[in-house]
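Subject: Structure handover, salt bridges

Hello,

Here is the structure for your files. My notes on its charged side chains follow below.

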Amino acid sequence: MTLLEKDGVRVTADAEVATVTLAHPAKRNAQTPAMWRALAEAGRVLPGGVRVVVLRGEGKSFSAGLDRQAFEPEGFEGEPSFLDMARGSEAELDALIAEYQEAFTWWRRPDLLSIAAVQGHAIGAGFQLALACDLRVCAQDAQFAMRETSLGLVPDLGGTHPLVNLVGTARALEMCATGRFVHADEAERLGLANLVVAPDELDGAVADLSAALLAAPRNAVVETKALLAGAAGRGYDEQRAAERAAQGRRLRDLAGLGD
């Protein structure tokens, strides 16, 4: 079932699994503000029964990052150019970037598990979109790079937080400051990729992972995701208390005593 198809984004759903596809392969799925708005809308059109969301890119690349037309004086038709953005007030600029970030924020919703299926290039905004997901399955030809600094910019689409959590501050700084390519084998060693497979095995590996994630009861997975997501911000005793509270909810639910 197709739920959305606009501005280079297609959303389909099949029972408990939804697929969000970047569908502009002629430009290697380069991203635009219109695409970002469509990606934000994708999160709003998902049926309540969806538990797993797969994010993929059509063609040879996951996403080559921001469409370079953004750096032209005229920018995109109907959109503020970078020059227009710079001329605006600080509050206007902040609000505009916050709107763009919405495309990258909903993938870690507590009621969903999201998987980025990455092949080819995942550069800049493409890297940040892959980082927005809970899990990443990569083809052997996947290449990640945070190229913003080479353009005089910073990563501003929500990618810095998950990147630091995954690889640590020093490694994240080195990646972002140099903008170098991180190939699939290194991504797996560093924890950026949960699994690396041959390109022709990518779809099958993602389908297998989706099925495995759906095997456990939804509420147990939701509680576990929330428990793990908050662990880094809690002390050891606080985390133990959170475990007890979560398990209490699960036991009451299993006993039919939940709210």
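Which residue forms a salt bridge with Lys27? The partner is Asp67, and the closest N and O atoms of the pair are 2.8 Å apart. Please keep in mind that this is a predicted model.

The Asp67 and Lys27 pair links distant parts of the chain, 40 residues apart. Asp67 sits in the loop between β4 and α2 (82-87), while Lys27 is in the loop between β3 and α1. Asp67 has a relative accessible area of 8% and is therefore buried, the cut-off being under 20%. Lys27, at 37%, is partly exposed.

A second pair is Glu16 with Arg51, whose side chains meet in a salt bridge at 3.8 Å, N to O. Arg51 counts as buried, with 9% relative accessibility, whereas Glu16 is partly exposed at 32%.

Arg240 is partly exposed, with a relative accessible area of 36%.

There is also a network of salt bridges that links Arg171, Glu174, Arg180 and Glu186. The count for the model comes to 16 salt bridges.

Regards

How values were computed
Residues are numbered from 1 along each chain as its sequence is written. This is a predicted model: local features need pLDDT of at least 70, side-chain atom pairs count only at pLDDT 80 or more; totals for chains, interfaces and linings use all residues. Side-chain values use heavy atoms; hydrogens and water are left out. A salt bridge is a side-chain nitrogen of Lys or Arg within 4 Å of a carboxyl oxygen of Asp or Glu. Buried means under 20% relative accessible area, exposed over 50%, partly exposed in between (1.4 Å probe, protein chains only). Helices (H or I, at least four residues) and strands (E, at least two) are DSSP runs, numbered from the N terminus.
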